[in-house]
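I am opening my notebook on a new structure. I will look up one topic at a time and write down what I find.

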Amino acid sequence: MSGGDTHSTPSVHPKMAAAQGPVDPSSPEQNGFMRDEKDHSLQRGNWGNQIEFVLTSVGYAVGLGNVWRFPYLCYRNGGGAFLVPYFVMLIFCGPLFFMELSFGQFASQGCLGVWRISPMFKGVGYGMMVVSTYIGIYYNVVVCIAFYYFFSSLTSVLPWTYCDNPWNTPNCVSILENPNITKSTQPSAMLGNVSQALNQTLQRTSPSEEYWSFCVLNLSDDVGNFGEVQVHLLSCLLVSWVVVFFCLMQGIRSSGKVVYFTATFPYVVLTILFIRGVTLEGASTGIKYYLTPQWDKILEAKVWGDAASQIFYSLGCAWGGLITMASYNRFHNNCYRDSVIISITNCATSVYAGFVIFSVLGSMANHLGEDVSQVAEHGPGLAFVAYPEALTLLPIAPLWSLLFFFMLILMGLGTQFCLLETLVTAIVDEVGNEWILQKKTYVTLGVAVAGFLLGIPLTSQAGIYWLLLMDNYAASYSLVIISCIMCVSIMYIYGHQNYFQDIQMMLGFPPPCFFQICWRFISPTIIFFILIFSVIQYQPITYNQYQYPSWAVAIGFLMALSSVICIPLYALFQFCRTDGDTLLQRLKNSTKPSRDWGPALLKHRTGRYAPTIPPSPEDGLEFQPLHLDKAQIPMVGSNGSSRLQDSRI
């Protein structure tokens with residue numbers, strides 16, 4: 001059961017081990033089989049090219065949190081000094097990104113199928129599906145709100161510019177109508193997680209705040225008071241799901257083409273907004289506030305905890321999406337290179353977005369004559385209140401608003417594509433027969449319809465309460481636990497030596513020594529640290545001045561538990577159905593790899609995965625035509641170990 005155990009496979013003959021060495025992609029033959037020029041999976045399909053995979057993964061990792069959470073964390077935790085713990089945590093947590101990519105690529109299976117590596121831990125895959133379901137439901141509601149703001153920007157004057165609208169209150173004061181008004185007499189913005197965004201003021205409410213609360217949300221007074229469904233949000237939610245479905249209708253064949261636009265155009269918009277922002281009066285004040293180092297902050301444990309949490313959540317670890325996207329790679333794709341590119345791109349985007357956000361907020365603070373901290377927000381408070389209000393100060397404000405919300409839509413869709421594909425792939429791979437492979441479009445439609453129906457309550461007057469409840473509980477603690485168990489099960493149950501050999505067989509080289517150390521020791525420790533930090537820093541969820549009732553918090557913890565509970569329940573189920581004369585024997589049998597663990601294509605099952613008996617269709621292997629004059633025949637050596645010999649037929 002230790003990391004060095006090789007209980008799952010027979011001893012490897014030296015000549016067999018040679019088959020796991022580097023493979024020349026240009027060679028027409030590979031270990032006796034004729035190599036398919038495209039290294040192609042006929043059943044599941046593959047990415048059209050590696051750019052599609054990289055762009056899809058970038059779109060998945062680079063989401064709304066890069067824009068509305070990282071800049072806030074940076075200025076709150078020491079400005080430029082925060083970048084030190086941030087990049088240190090990237091170095092030590094980034095290897096988890098490579099682990100998930102290599103895991104999915106080696107087995108060519110989604111988040112359920114990969115657990116042939118250790119069937120007892122298949123509950124981890126189900127936990128990933130539950131988490132992706134929760135996130136997919138509320139994430140598309142955020143996208144639908146961005147759609148509504150986008151459509152509302154198609155006007156000559158933004159509707160949140162002045163206070164002469166039916167939804168405005170006597171407390172509303174526009175900074176354009178009263179340019180000398182400041183918020184200096186107000187209490188400073190509350191610091192906290194996403195649920196504490198959008199805090200209301202005591203003396204002045206801005207038009208953007210009232211537009212958000214009274215027009216877009218029509219907010220009720222309690223989480224249990226659902227009120228009416230907001231038709232305008234429901235319509236936009238339908239638009240969001242229709243867009244997601246049509247982009248994924250043909251699986252990766254269609255989404256792989258869409259990401260050429262959805263993953264790249266946000267950078268065009270960011271650059272346009274950056275150029276416009278840094279040319280504004282007062283922009284330098286905001287940027288200095290964003291980056292000025294406060295080196296004493298580095299000594300605070302909370303800063304390191306925030307850095308570790310931000311890296312972990314922004315990379316999308318333990319959602320199942322990384323495994324799913326990598327499962328459509330060709331077997332010998334260099335996913336190590338891809339993981340480095342995607343991780344660095346994700347973090348660089350966060351830093352870049354901070355310049356875009358704080359240059360405009362600095363200009364707004366300069367206009368109001370107050371400190372940047374008085375206008376800085378995070379989460380929905382930044383995206384739908386603070387930044388839109390700042391945009392009203394710019395000439396041709398609707399143009400900049402259109403660009404900003406179009407960018408949010410594309411960032412949200414990039415993540416949503418992978419969340420939906422994770423669920424669809426898991427279902428299709430689990431059923432695995434020819435019928436469901438041919439009907440995958442209908443599976444995608446069914447999941448999309450279910451997601452739309454489950455999202456309807458979030459478009460009610462109490463929708464924002466439930467959205468933040470899901471964001472705070474359903475996808476926080478459970479992700480950390482799932483990731484930790486996945487790391488431990490691969491490194492210590494399956495065995496680190498086995499996994500390193502698998503990667504060498506796939507890539508032609510083992511994981512770098514630093515990655516091996518991180519996977520075995522450092523990354524699990526950091527994950528455990530994040531969990532402890534999250535528990536210590538826990539505060540009951542609030543929204544503005546509203547304190548969630550205890551029954552709502554209990555529902556939040558139940559949502560978090562619903563994904564984690566899959567792990568022990570399935571482990572117990574697998575243990576009970578596994579054969580064995582003793583409890584220990586049953587435990588060993590339920591944790592060792594199943595007979596169909598390994599590369600999905602028969603031609604890639606070399607070395608210790610080479611079949612010693614003809615595989616049957618039940619093994620889940622995909623057969624590829626062999627060249628008639630070449631085949632691999634397993635032979636038995638003098639020492640009893642199997643070896644492979646090229647033989648003419």
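**Ground rules**

I start with a term: buried means under 20% relative accessible area, exposed means over 50%, and partly exposed lies in between (1.4 Å probe, protein chains only). This is a predicted model, in which local features need pLDDT of at least 70, side-chain atom pairs count only at pLDDT 80 or more, and totals for chains, interfaces and linings use all residues. Residues are numbered from 1 along each chain as its sequence is written, and side-chain values use heavy atoms, with hydrogens and water left out.

**Entry 1: Asp338**

I looked up Asp338 first. Asp338 counts as buried because its relative accessible area is 1%. Asp338 sits in helix α14, which covers residues 335-368. I noted how helices and strands are assigned: they are DSSP runs (H or I, at least four residues, for helices; E, at least two, for strands), numbered from the N terminus.

What does Asp338 touch, not counting residues up to four places away in sequence? I found Gln50, Phe53, Val54 and Asn333. Contact here means heavy atoms within 4.5 Å. With Asn333 there is also a polar contact, side chain to side chain, at 3.0 Å. A polar contact is a pair of N or O atoms within 3.5 Å; within protein, one must be able to donate a hydrogen and the other to accept it, and residues adjacent in sequence count only if both atoms are side-chain atoms.

**Entry 2: the whole chain**

I stepped back to the chain. It has 649 residues, and 60% of them are buried. I listed 24 helices and 6 strands. Of the contacts between residues at least 6 apart in sequence, 80% join residues at least 24 apart.

I then checked confidence. pLDDT is the predictor's confidence in each residue, from 0 to 100. The chain has a mean pLDDT of 85, and 84% of its residues reach 70 or more. Two stretches I marked with caution. Over residues 1-38 pLDDT stays under 50, and the model has 79 contacts beyond four places in sequence for them. Over residues 182-202 pLDDT also stays under 50, with 64 such contacts.

**Entry 3: the nonpolar core**

A nonpolar core is a set of buried Ala, Val, Leu, Ile, Met, Phe, Trp, Tyr and Cys residues joined through side-chain atoms within 4.5 Å. How many residues does the largest one have? I read 190. Trp212, Phe384, Tyr499 and Tyr548 have the most contacts inside it.

Beyond four places in sequence, Phe384 touches Trp68, Val142, Ile145, Ala146, Tyr149, Ser208, Trp212 and Phe405.

**Entry 4: cysteines**

The structure holds 1 disulfide. The term means a pair of cysteine sulfur atoms within 2.5 Å. Cys163 and Cys172 form it, with their sulfur atoms 2.0 Å apart. The link of Cys163 and Cys172 is left-handed, with -70° about the S-S bond. Both Cys163 and Cys172 are buried.

Cys144 is in no disulfide; its nearest cysteine sulfur belongs to Cys236, 5.9 Å away. Cys144 counts as buried because its relative accessibility is 1%. Cys236 is likewise in no disulfide. Cys236 is buried too, at 5% relative accessible area.

**Entry 5: the listed binding site**

For "binding site", an unreviewed UniProt entry lists Gly59, Ala61, Val62, Asn66, Ser314 and Asn346. These residues span 288 residues in sequence, yet no two of their C-alpha atoms are more than 11.3 Å apart, so they gather at one spot.

Is Asn346 buried or exposed? Asn346 is buried, because its relative accessible area is 0%. Asn346 lies in helix α14. Leaving out residues up to four places away, Asn346 touches Ala61, Val62, Asn66, Ser314 and Leu315. The side chains of Asn346 and Ser314 make a polar contact at 3.3 Å.

Ser314 lies in helix α12 (residues 301-315). Ser314 is buried at 10% relative accessibility.

**Entry 6: Trp400**

I ended with Trp400, in helix α16 (residues 397-431). Trp400 counts as buried because its relative accessibility is 12%. Trp400 and Leu273 are 127 residues apart along the chain, with C-alpha atoms separated by 7.5 Å. A polar atom of the Trp400 side chain lies 2.8 Å from the backbone oxygen of Pro395.

Conventions. UniProt positions renumbered as here; feature names shortened; annotations may be inferred.
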